[in-house]
Amino acid sequence: MKKIQFKNSSQTETVGKIVCVGRNYAEHAEELGNEIPEFPLIFLKPASSLIFNGDNIIHPSYSDEMHNEVELVLLIGSDIKNADDESAENAIAAYTVGLDMTLRDIQSKSKSKGHPWTLAKCFDTSAVVSDFKLKSEYKLTGDEKIKLSVNGIQKQHASLFQMIFSPAELVKYISARMTLEKGDLIFTGTPAGVGKVNRGDILTAEIENIASLENKII
Ligand code: ZN
């Protein structure tokens with residue numbers, strides 16, 4: 001079982017399921033030639049795919065096109081189903097910065113055949129998170145900057161207010177379709193600037209006032 005860590009706390013939390021949101025920034029949907037969604041696009045990653053700040057991201061041998069995706073990640077702090085606006089917000093216990101590493105060549109093949117994205121999104125080390133910042137310590141304003149650099153060169157840079165669906169809207173939508181449990185994570189989608197990364201690259205990412213991470217691809 002994977003356990004996440006918190007900033008300024010010795011508390012840990014066992015991770016349940018990882019729910020991910022696709023196309024939650026308009027410019028990113030457009031850069032991949034996708035329509036801006038009317039409803040959140042949802043997929044899952046297994047907890048076994050999770051690694052942490054400082055761990056190596058292992059590039060699978062069966063892909064020639066791994067992409068970076070930096071994302072705000074939410075920790076669910078209480079079991080919740082059919083949340084309303086208030087209970088959705090209250091169910092979010094902490095935030096961090098994460099990476100939804102994606103095998104874009106495998107995903108494109110899957111999309112063209114109408115197959116699931118599983119093999120493009122669920123490989124070992126495909127989900128990266130840093131330490132979580134408890135909401136009791138810092139309440140997200142929505143204006144925080146989110147950014148990612150590859151070998152020190154900035155590739156992704158946006159503000160969280162550019163998200164099409166807010167954290168609470170995502171929790172409300174997802175909880176109406178599957179129970180969210182204490183310890184579940186939600187990856188909330190990536191801004192524009194995704195691209196091919198290679199073995200040896202160092203990825204650094206940050207969400208202002210929340211967390212940062214640094215991971216090498218091997
Ligand atoms: Zn993503």
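In the predicted model, three strands make up an open sheet with antiparallel pairing, arranged in the order E9-E6-E15. Strand E9 (102-103) and strand E15 (196-197) are the edge strands, each pairing on one side only. Two bridges link strand E6 (residues 66-67) to E9 in the antiparallel sense, and His67 has Thr102 of E9 as its bridge partner. In general, the strands of a sheet pair through backbone hydrogen bonds, in either a parallel or an antiparallel manner.

The largest nonpolar core comprises 47 residues, of which Ile57, Leu99, Met101 and Ile186 touch the most other members. Among the elements that give two or more residues to this core are strand E3 (18-22), strand E7 (70-76), helix H2 (85-91), strand E8 (92-100) and helix H5 (167-175). Another core, of 18 residues, lies apart from it and includes Leu75, Trp117, Val129 and Phe132.

When residues up to four places away in sequence are not counted, the contacts of Met101 include Ile57, Met66, His67, Ala120, Phe123, Val197, Leu203 and Ile217. Lys45, Asn68, Thr125 and Ser126 are also touched by Met101. His67, one of these contacts, is the residue whose bridge partner in E9 is Thr102.

Note on methods. Residues are numbered from 1 along each chain as its sequence is written. This is a predicted model: local features need pLDDT of at least 70, side-chain atom pairs count only at pLDDT 80 or more; totals for chains, interfaces and linings use all residues. Side-chain values use heavy atoms; hydrogens and water are left out. Two strands pair if DSSP finds at least two bridges between them. Helices (H or I, at least four residues) and strands (E, at least two) are DSSP runs, numbered from the N terminus. A nonpolar core is a set of buried Ala, Val, Leu, Ile, Met, Phe, Trp, Tyr and Cys residues joined through side-chain atoms within 4.5 Å. Buried means under 20% relative accessible area, exposed over 50%, partly exposed in between (1.4 Å probe, protein chains only). Contact means heavy atoms within 4.5 Å.
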